[in-house]
Amino acid sequence: MPQFFPRTANSIIRLALLAAVVAIATIAWLGALFVRSPYEMGQQTPRNQPVPFSHQHHVGGLGIDCRYCHTTVEKSSFANIPPTHTCMNCHSEMWAVAPVLKTVRQSYRTGKSIDWLRVHDLPDFVYFNHAIHVHKGIGCETCHGRVDRMPLTWQANSLTMNWCLNCHRHPEDFVRPREHVFDMDYTPPRDQKELGAKLVREYRIQRLTSCSTCHR
Amino acid sequence: MSFEDEQRMSRRPPEPGTSVAVIAPHETFRSVTDQITSVVLTRRTPLFWWATFGAALVGIGFFVVSTCWLFYKGIAVLGNQIPVAWGYPITNFVWWIGIGHAGTLISAILLLLNQSWRNSINRFAEAMTIFAVACAGMFPVFHLGRAWILYWILPYPNTMHVQPQFRSPLVWDVFAVSTYATVSVLFWYLGMIPDLASLRDRSKSKLAYGFYGVLCLGWRGASRHWRWHESASLLLAGLATPLVLSVHTVVSFDFTIAILPGWHSTIFPPYFVAGAIYSGFAMVLILAIPLRAVYGLQNLVTERHLNNCAKLMLATGLILAYTYLFEPFNAWYSGDPYEMAVVNNRAFGPEAWTFWTTILCNVIIPQSLWFRWVRVNPKPLFFVSCVVLYGMWMERFMLIITSLSRDFLPSSWANFVASFWDNALLLGSIGVFVLFFMLFVRFLPMISIFEVRELLPHSSPTGGSEK
Amino acid sequence: MSPNLLYAIALEFDSPSALVKATKSVRERGFTKYEVYSPYPVKQLDEIVPGTDPVPLMVLSAGVLGAVTALVMEYYIAVYEYPINVGGRPLNSWPSFIPITFELTVLFAAIAAFIGMLCLAGLPLLHHPVFNLPEFARASSDRFFLMIEERDPMMEIVEEREWLNKLGALSVSEVESR
Amino acid sequence: MKSQSQSGFVPIEQLIAAPRPRHWQTVEQYEALARGGSEEYCEAEDTPLDEVSRRRFLQLAAASFAFAGITGCTRQPPESILPYVTEPENVVPGRPKYYATAIPVGPMAQGVIVESHLGRPTKVEGNPAHPASLGASSVHSQASVLDLYDPDRATVITSLGQQRSWEEFRLALTNLLGPVQTRGGGGLHILTGSVASPTLGAQLQAVLKSLPNAKWHQYDAAGPHGARGGANLAFGRPVNTMYRFDQASVILSLDADFLVTGEPSTRYAHDFAARRVRGNRLDMNRLYVVESTMTATGGKADQRLPLQYSEVEQFTRTLGETVGVPNVTAASNARYSEWLGAVAKDLAAHRGSSIVIPGAHQSPAVHALAHAINAQLGNIGNTVVYTDPLEQEPTDEVASIGELVQALRENQVELLLILGANPAYDAPADLGFPEILSRAKTSVLVSLHSNETAEWMTWQIPESHPLESWGDARAYDGTVSIVQPLIETLYESRSPIEILDAVLNPPGRSGYDIVRAYWQGKSGRNDFEAWWRKSVCNGVIENSALPLITPALATNWAAKLPNVPQQQGIEIVFRPDPYMYDGRFANNTWLQELPQPMTKLTWDNAVYLSSATAKRLGIAAQHRVELSLRGRTVEGSVWILPGQPDDTVSVHLGWGRTRSGRAGNGAGFNAYRLRTSDAMWTAPDLQIRLVGGTFPLATTQLVQSMEGRALMISDTVDRYRSDPDFVKKMTKDPPDGLSLYPKWNYTGHAWGMSIDLTKCVNCNACVVACQAENNIPVVGKDQVLNRRAMHWIRIDTYYEGDIANPRGMYQPVPCMQCEDAPCELVCPVQATNHSVDGLNDMVYNRCVGTRFCSNNCPYKVRRFNFTLYEDWVTESIKLQRNPDVTVRSRGVMEKCTYCVQRIREAEIYAQVDDKGLPDGTIQTACQQACPTQAIIFGDINQPDSHVRKLKEEKLDYELLGELNTRPRTTYLAELRNPHAETEQA
């Protein structure tokens, strides 16, 4: 069969080969982007809660301290979710009949817990401890972002292992004086490097990157 | 000196003794081309092919079922336990990889050594390599506890900031085997391009013409192309030669790097490579003997080929026998009580049968190859090859389980018992291999046509030299 | 046929010797734009048909690249990206890095050899004027072709063309450039 | 891979399927509870919790089981958090609380501290303040928490197959009691185990007082029957005998497995070990053991003499004569006379500081003689002391249950009340149980499981587990502990005292009220509130130990001694199982899979034979044989037990249950079927017949010989005295400079462990403790047979010497935490590597499961999840899980990590609470449980740490040190103290 292939076949087959290579590269690249994407990490998406609790209002507006509700953040691995009772301390007086708080009053009456949806959820084989981080001068805002600007709370950071290691390797870039741990609007000074280094010494912060630091 | 002689000197020094061509004298360019291409293009598929293909499909059945069950239940369906945490899968892996080696040896090393006779068997030997490596590659995956995160063994930028551990021989393995597979495929395909062109030019149907036309990438046989083709082939051969040695060396590292008595030994690399080639040639013969009979290729794959392969088997077999002898000496000389215990356990322990089977199949029976009659007669040769192939599997099995089942602390000693699924998987992998090979025989030139042409006496310009 | 449609004059031979002989004389006659096609590599042609062989250089450089890639990757990962104590061994356990270095060297080199050869030969090239010649189908079996291309300046001269007919080819035919 | 995350609470009603927990049923009950459960809930640090907390504890139990997260690093599945409604004081979610209580096993209890995570008891530890514990714990205490969550427990009140409510039962009870009361209790029969609980005892006596014709029977199948008889024989009165091993220099055990089996072995092992050598203290006690079954105690003996059960009595008589006990004569036996002579001499040489201890199940005669011998040796008051019996009503239990049977035969039983006993299973075979039970007009069973007896009962009431009910119990010395609940009753269950209270004064009070009221009366103090709070918090009532008495030998007691039994044919010996006890723990999977001390058998009991006897009978291990005794037969599988006396078959009781639950049913064979009331512990003329075929027994250690390798180094204390460096000479540790690589140096902490082989008695408490602490799954018999048991620490048990009478070698083997770890080197994905403090970390979630690490581990301490072993389905089992440890998934390797979760928590809170980390703050689970403190863990970089000191001792050596793995766990070689004279004998 003389000259079976038309002249265009030459360009077609070469383009096909090129396309194959490009396609594979692109797929790999997109995949890499996806696993790092805020979507995959569940970042930046406000979670709908049974009660539309607004940190923006309570923290930003009323200036309530984190520890008023998250009572155990300084002494336990778990920062604690406030019991209904805590809500009722105020809301038995103010907004006592507001329909938006119906669920809260109901919970208090029936003794059934409010079913909050977890916002910051680490894999179950990761053991994070709030107390030690707070104790070593890591601000709430460093991980949780500006909750005082969140009408509904969302996950501010990716919470990937990469992200954790970033601070575990260079605490001096993130550590702040203990008295500012609960400040939402704390801005690191220009000399953060020096200050950080100083605090790392002062608070005896170790650069812990052993596996068993978090995985047990 | 005549042009012809000059030609011979430059390319193929006549073998000592008989300078007779390795293929029957009456063959011509056309006849060899016709004969080989017709298998693919014109001749009707023989019953033998269908039978084997069917058998292979049954094997595939085993393969599919057992893999599904394995992935559904976990490693518990196999015989593996503590202390013998490696069982069949790793044995099969080492065995298949070993089989692959003969292909590369024939195509690469013999090419470098100007062993012209290999030209008529290298093509399907290479095919055998590729399919064997494919089978081998599956087993490490199967034997993983969590195969779905296999990719963690490869280095790639990830959100965990954790990478492979390059001190582990298993990581070396991944690189070695994948490299080996890639290089083998390239080498195979590169060599096949001109023959695909032959198939293209002789195909009657548009479909076939298009298929082979694309596969051969529009090969024209221009002299410059031939030059580059040759130099690329030679370089690939040059690369494949150390590669093939390295692959089984790295595989042997999986054992030698461990501190286990009976594994932690410096003779393993040569030991494994020799064993690999040994089993490889056995497989080559097991494939070649039926093929030449069925497709009447006796004129291309002659007695001489069988004879040479058999001789190589004998040689590598003797190397192996030497290492078998050397191991006890090694243990005794080291003075390490654990080493000696393992040697003793291999020969006389509860799993001694594996050891003696190995000796019988790899050392005793193959001695029959000293007799020319055995070497050149297809039937006995086929039998010996099968025995050797089985023996080599048993050897790897023996090496793995006897060391693991009785290491340092008697408190954790326990013997290995294979499960049904262990055997089903092994059978299945053989099915996969045969299936691929049958497809290859049916649709691709199983003998390298252009290299056979070079073997023809009149392949070199006659007369007409200047001066 | 009109000359601009002509690709080359094809001389067909049935033996390598005839081919080599003809090619030699063609070269001596002063032709420059010609190509020789054979069903298997004919060694002598290498001296007759001009051209170089850059494949070895490609392979070498690719090999070096592979080696460097491997070593850098392993060293970076083990010592910088996540330095961690593995079995009390030093971070830079370079002896353990050798096997992979070797493998990548071979891998890169091999790929270079393959791709290099294809690029040099300009393959894949499915459509080519030579395929216009029906007899060319046998070039992959038992025929040898010498093609003097139209663009060769000497092709202008009529008697040169007639000279070609005297080279003892089985047949002399014109190949269209479609 | 899943684990319980530390937060996100789920109300318990999600967890427990019907019937829903009691506190949700009716408002009245709810109120009653609230009252009952109020302010007395009290934790070790003596801080009360308010009423609400008590209630809430329950709803909040079991954090986040409802949503188990899938593998990490990707988007997590939605998970919810259910906070408190009103937060109880001093509950800190994420930090466990600890409560003191006690775990009774038979008549004796062990005081424990229980770890509670948001209302879930997860781990039991010993109570340092409790005499029977001193901080250590027995396998039974450790395993009790699993019993609490046993999914096969009886969950509802049933009557003849119908589900009934507590109200209905109370109604029925009143109707039944009516006629009974008119007859002054005639026809009311109560069957219990041996009762030592003061409250329960008082209740029973009250019942008998108000209903004089009622009958109370006690039967404890594994109780110390012989000891009771012996006491009566020797002193004419029941006594409780205690031994002070810490005072004893020479100990002779007459068939007593006092180091391992039954209470108070934990305390005895502790005291015994205190007198084994360590460091420069070279005065070492000496243990002689004469026994009819190879036991862990026998293996530990410095000198051991295997004798048949009947010969032991002969031996004791001869000994008595030799030491000069008046009116005791015996024909001496050439086989051991020399040996006996030497022992007698040694004992005599240590007047007042020696002990002769008879086995609880040995014949009364042996006990009587032992008392006399101890008296003769002046041990009484020094090393052997007596108190009044622990039991409220010490009785001849065999006779007692006989009376019940008699009454049943004569159809006199109107109402049979069985509290916690299981006669249908464990009563003597000649009494006609279980059918005879149907003779009772009405019968009520109170038991944890719907057991063999249940199917013959008209009523069955689920019994509350000690961890979920109020009560009290006595230790071996009489010290009383208040048993307080850690969690609201999971099911519709009642404790025996609540039942009796319902009988005594309907409608009955809450357990709390009963116990409190009893002690209010008993203590009669005006500061009762404070006293009570203190007692509950500390887990012991101060000075409640029974006062010592010095009973005098009855006149002509010797005359009353029965004639020495003449042994004929093959003798069978019944022994309570070290783990199953009388069978009550049969459904406890931890104990089922816990390797038996000497044989390492799991999931079965076996017919123990000496190799000589087996050869003679042509029987080999795992052969199925039929044992027949006086026409009664059972089938079992044979196990050859080195050191077993010839012509003696030993069998463990407590197996072959048919209604214990999924785990216990059909495990082993039921030896009770051979046991008759006249031959409770031994019988002659046993027939053994091969029935053909084999029955596989699952052992975790197939080879029990050391193959001549210096793995466990053991020698005499004399050798050590003469050549203190002998250990270093035996081991060939490579010199430091040998490695090509530079040493990795560990600044800061460097955790290490030292295991003293002289002290290990092979009780296996560490194994269960580890299992409980680290969420280690149970794999079942098939997988054990496939060599896939998961224990992170094992006690390698080797035999040394003559197979007829070998020494036992016990070597606990956890992960060695090698500094140059071979396992880490070969892991392709860095799933195992070193932490800064030198721990051999295992990252489950990184593991891909190549298993190369296991191959390359010379100690074979790594365990692999060949398939999904963890139970991710059974909700009640999930409640037990330790939230600080990842629950492993299929296909990953796991191993001991020195309880890294404890280390990290301790490190963190030491900094958070700005307190230091002194040596001993961190204890590994195995260390904490170990009765003899054979396992010591700590920081080897800390110059004065205990572990550092031990590692500096001359006896310290590395296991397989020649491999240069540089393990962090090292051993102290075992020293024994054999007596030169007896050696020759």
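Across the interface of chain C and chain B, the rule finds two salt bridges, a salt bridge being a side-chain nitrogen of Lys or Arg within 4 Å of a carboxyl oxygen of Asp or Glu. One to look at is C:Glu35 with B:Arg224, whose side chains meet at 2.5 Å, N to O. Keep in mind that this is a predicted model, where local features need pLDDT of at least 70 and side-chain atom pairs count only at pLDDT 80 or more, while totals for chains, interfaces and linings use all residues; side-chain values use heavy atoms, with hydrogens and water left out. Residues are numbered from 1 along each chain as its sequence is written, and chains are lettered from A and ligands numbered from 1 in the order in which they are written.

**Chain C against chain B**

- The contact (heavy atoms within 4.5 Å) involves 69 residues of chain C and 65 residues of chain B.
- Together the two chains bury about 5,900 Å², with 67% of that on carbon and sulfur atoms; buried area is the accessible area (1.4 Å probe) that two parts lose on being put together, summed over both.
- C:Pro41, C:Glu103 and C:Phe114 supply 11% of the area that chain C buries against chain B, more than any other three residues.
- The rule also finds 21 residue pairs in polar contact here, both at pLDDT 80 or more. A polar contact is a pair of N or O atoms within 3.5 Å; within protein, one must be able to donate a hydrogen and the other to accept it, and residues adjacent in sequence count only if both atoms are side-chain atoms.
- On the chain C side, α1 (16-29), β2 (34-37), α2 (45-48), α3 (55-81) and α4 (94-121) each supply at least two residues. Helices (H or I, at least four residues) and strands (E, at least two) are DSSP runs, numbered from the N terminus.
- α4(C) gives the most to that side, with 18 residues.

**Chain A against chain B**

- Here eleven residues come from chain A and 14 residues from chain B.
- Chain A and chain B bury about 1,100 Å² between them, 70% of it on carbon and sulfur atoms.
- The count between chain A and chain B is zero salt bridges, alongside three residue pairs in polar contact (both at pLDDT 80 or more).
- α1 (8-36) and α8 (161-169) of chain A each supply at least two residues of the side touching chain B, and α8(A) gives the most, with four residues.

**Salt bridges elsewhere**

- Over all chains, the structure holds 72 salt bridges.
- C:Arg143 pairs with C:Glu12, with the closest N and O atoms 3.0 Å apart. C:Arg143 sits in the loop between α4 and β3 (144-149) of chain C and C:Glu12 in strand β1 (residues 6-13), 131 residues apart.
- Both C:Arg143 and C:Glu12 are buried; buried means under 20% relative accessible area, exposed over 50%, partly exposed in between (1.4 Å probe, protein chains only).
- In chain D, the side chains of D:Asp604 and D:Lys781 meet at 2.7 Å, N to O. D:Asp604 lies in the loop between β22 (601-602) and β23 (607-609) and D:Lys781 in helix α22 (residues 781-785), so the pair ties together parts 177 residues apart in sequence.
- D:Asp604 is buried at 4% relative accessible area, and D:Lys781 is buried at 18%.

**A buried helix**

- Eight of the nine residues of helix α14 (residues 496-504) of chain D are buried, so this helix is largely enclosed by the rest of the structure.
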